[in-house]
Amino acid sequence: MTHFLKIILIGLLFTHSSNILALTTHVQKHDPKMPERGICAHRGASELHPENTISAFKEAVRLGAQMIEFDVRMTIDNKLIIMHDATVDRTTDGSGSVEDLTWNEIKELDAGAWKSKKFKGERVPLLEEVLDVFPKNIWLNVHLKGDKKLGIAVAKTILAKNRSHQAIIACNSESANGVRQVNTDIMICNMERTSSRNDYIQTTTKGEFAAIQLLKKRESKSILKDIEILKVNNIKINYFYSNTPEEGIELLNKGVDFILTDNLSEMLAAAQAIGIEPSR
């Protein structure tokens, strides 16, 4: 090989390496920085807005929630809707079980007037619609209300919408199996409750879980030890729930990562008081 050809090859290799470096830098630069801890808007900003609706989610985003929780169910015609209850009775002007209703039937229901007249006309949203509302730099606490089939469908939607970096699927073991059938890298919060908190923590640390949801009603004197075990195992700690700023500060200082709340604005202010800035 001539000296001239060597120079050309070296130049090509240098250019190729530079392009790879530039691409890597670009990806890293635009990869959203996720909140390390903060406040989770339970069903959106549900204190003053109708829960699990677009308006509740937009308000939670506006206020700066670091995480937003919402519930997903499947209709009889396999549409993924956002609703907590098994029936539409409480939060719409309709009646019946979600699993027995079609999307065409549910989309005609009013999901806002029950909360306030100013929300009259608010509709039950689809999972695809709410994912488009959320910025990509906050956590999404996606609570599944269903089985393996629901887990599969939700996982596929999360991937299709490029939200796997921020979505934590909160579900039982059956729906978790569905999620993992689609993609084993999707983050899962273990919601398969056991007889005691200790067993729940042990099951979570031994499984392939990214997060756990500790219940206030199961609070114990060993919470600091529980938190320490979970931290050692790199498991995010979601806490359900607190609506009191003083309690919220105490929990965050103890090491809880995210606190679910219905009192979003006050809890965000409390978190900010100890240096946790709202998401922007």
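How much space lies in the largest cavity?

Author: The model is a predicted one, and about 70 Å³ of space lies in its largest cavity. The structure holds one cavity of 30 Å³ or more. Its lining is formed by Glu51, Asn52, Thr53, Ile82, Met83, His84, Asp85, Arg90, Thr91, Ala111, Val124 and Pro125. By class, these lining residues comprise five nonpolar, four polar and three charged.

Asn52 belongs to the loop between β1 (38-42) and α2 (54-63). Its relative accessibility is 3%, so Asn52 counts as buried, the limit being under 20%. The backbone of Asn52 has phi near 55°, a positive value in a residue other than glycine. Most residues other than glycine have a negative phi.

A positive phi of about 55° also occurs at Asn162, again not a glycine. Asn162 is placed in the loop between α5 (148-160) and β5 (167-171). With 52% relative accessibility, Asn162 counts as exposed, whereas Asn52 counts as buried.

Another backbone feature involves Phe240 and Tyr241: the peptide bond from Phe240 to Tyr241 is cis, with omega near 0°. Most peptide bonds are trans. Tyr241 lies in the loop between β8 (236-240) and α9 (245-254).

The side chains of these residues also deserve mention. The structure holds four aromatic pairs. Phe240 and Tyr241 form a tilted aromatic pair, with 4.9 Å from centre to centre and 55° between the planes. Phe240 is partly exposed, at a relative accessible area of 24%, and Tyr241 is likewise partly exposed, at 33%. The ring of Tyr241 also has the charged end of Lys216 over it, 5.8 Å from the ring centre.

Elsewhere, ring pairs join Phe57, Phe70 and Phe134 into a cluster. The charged end of Arg180 is located over the ring of Phe209, at 4.8 Å from its centre.

The cysteines complete this account. The count of disulfides comes to zero. Cys189 is in no disulfide, because the nearest cysteine sulfur, that of Cys171, is 8.2 Å away and a disulfide requires sulfur atoms within 2.5 Å. Cys189 counts as buried, at 0% relative accessibility, and Cys40 is buried with a relative accessible area of 0%.

Terms used. Residues are numbered from 1 along each chain as its sequence is written. This is a predicted model: local features need pLDDT of at least 70, side-chain atom pairs count only at pLDDT 80 or more; totals for chains, interfaces and linings use all residues. Side-chain values use heavy atoms; hydrogens and water are left out. On a 1 Å grid over the protein atoms alone, a cavity is a set of points where a 1.4 Å probe fits but cannot get out, and a pocket is an open set with protein on both sides within 12 Å along at least five of seven lines; lining residues have an atom within 4 Å of a point. Grid points are joined across faces, edges and corners, and a volume is the space filled by probe spheres set on the points. Ala, Val, Leu, Ile, Met, Phe, Trp, Tyr, Cys and Pro count as nonpolar, Asp, Glu, Lys and Arg as charged, and the others, Gly among them, as polar. Rings of Phe, Tyr and Trp (its six-membered ring) pair if their centres lie within 6.5 Å; planes under 30 degrees apart count as stacked, over 60 as edge-to-face and the rest as tilted. Buried means under 20% relative accessible area, exposed over 50%, partly exposed in between (1.4 Å probe, protein chains only). A charge sits over a ring if NZ of Lys or CZ of Arg is within 6 Å of the ring centre and within 35 degrees of the ring normal. Helices (H or I, at least four residues) and strands (E, at least two) are DSSP runs, numbered from the N terminus.
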